[in-house]
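I opened the model to look up a few things for my notes. I took the local spots before the overall picture.

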Amino acid sequence: MSKDKFLATGRRVIAREAEALTFLGGALDDAFSDAVELMLAARGRLIISGMGKSGHIARKIAATFASTGTPAHFVHPAEASHGDLGMMAEGDVALVLSNSGETPELADVIAYTRRFNIPLIGIASRANSTLMKQADVALLLPPAEEACDTGIVPTTSTTMTLALGDALAIAMMEHRKFTPENFRDFHPGGKLGAKLAKVGDLMHSGDALPVVQLKTPMSEALLEISQKGFGVVAVTDADGNLAGIITDGDLRRHMDGLLDQTAETVMTPAPQTIVPGSLAEAAVSIMNERKITCLFVTENGTATAPMGLLHIHDCLRAGVV
């Protein structure tokens, strides 16, 4: 087989699956909304099950739901028949996947949901199948060719099922106003965790924070800058609120008679600050834009007390770039 033949096959497969996804999008109806409302009303978890290739898709859909704010887990239908049905309980909702809708291993899962009044959402390609007839909400996959010319390998059908699962998860996520900060809570590790790290996770606070008051002599302010090691110091008013900041640039501008001055006369007033709940990535963007290396952290702008200090090196060490 020539390279051109391989390329033609690859393009045909992708085009066929892309066409099926377009068909699927156009075929969505009120049943999709009903499924979302059913899951939103659940007091318990979303239980997702499927056998074979549908099982692999079910595992991925369960992971997507779980990472976007909807408690969910996968239950293997064969294991369910040997005790794992106990993982399903009143208040849960079941999402069951089967291209044919007649997968024998799913019989016990379907029967269990009917016996204990657990709402059942079915996804299949046959409207008259057992799964679809038993489901409280039936999501029908539109007729579409499998990607292989033999029509027997689960390809297009599994792609549509995965996309439908993603659509359900995103609909739930958007309804719940799930934010990047929420997403980070479920992804604390790796590059994604670094990208979504919060300022409050990385900032220095407590005794590590360099702080002086307005009337502090510059001799003492210099000592505070040197001891804390960040190259800056916060200047607070009598109420402890952030009034200004002293940086190396301020020191250079006031070299003449520096030790005869106070922090108030040398500082830059109303410095740029950030709140602890902001993403560290946003802090890096501010520091790059303003060509600074530190940001003091306050609860609500410069009118409040400094609660932390974020240095660009902290972000780099955490993998935030």
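**Loops**

I started at Ala270, which lies in the loop between strand 9 and strand 10 (273-274). I took helices (H or I, at least four residues) and strands (E, at least two) as DSSP runs, numbered from the N terminus. The model is predicted, so local features need pLDDT of at least 70, side-chain atom pairs count only at pLDDT 80 or more, and totals for chains, interfaces and linings use all residues. Residues are numbered from 1 along each chain as its sequence is written, and side-chain values use heavy atoms, with hydrogens and water left out.

I checked the backbone at Ala270 and found a positive phi of about 45°, although the residue is not a glycine. Most residues other than glycine have a negative phi. Is Ala270 buried or exposed? Ala270 counts as exposed, at 57% relative accessibility. My cut-offs are under 20% relative accessible area for buried, over 50% for exposed, and partly exposed in between (1.4 Å probe, protein chains only).

I then went to Lys291, in the loop between helix 14 (280-290) and strand 11. Lys291 is not a glycine, yet its phi is positive, about 55°. Its relative accessible area is 74%, so Lys291 is exposed.

Two strands pair here if DSSP finds at least two bridges between them.

I looked at how strand 9 is held. I noted one partner: Gly244 bridges to Pro269 in strand 9.

I moved on to strand 11 (residues 294-298), which is joined to strand 12 by 5 bridges. These two strands run antiparallel. The bridge partner of Phe296 is Leu309 in strand 12. Of the 6 residues of strand 12 (residues 306-311), 5 are buried, so the strand is largely enclosed by the rest of the structure.

**Helix 11**

I picked Ala221, in helix 11 (residues 218-228). Ala221 is buried, with a relative accessible area of 0%. What does Ala221 touch, leaving aside its neighbours within four places in sequence? I found contacts with Val212 and Thr216; contact means heavy atoms within 4.5 Å. I also took a distance: Ala221 and Ile121 are 100 residues apart in sequence and 66 Å apart in space, C-alpha to C-alpha.

**Whole chain**

The protein chain has 15 helices and 12 strands. Its radius of gyration (taken over C-alpha atoms) is 29 Å, well over the 20 Å that the globule rule gives for 321 residues, so the chain is more spread out than a compact globule. That rule is 2.2 Å times the number of residues to the power 0.38. The C-alpha atoms fill a box of roughly 90 × 55 × 35 Å, taken along the principal axes.

I noted that buried residues make up 42% of the 321 residues. Among contacts between residues at least 6 apart in sequence, 62% join residues at least 24 apart.
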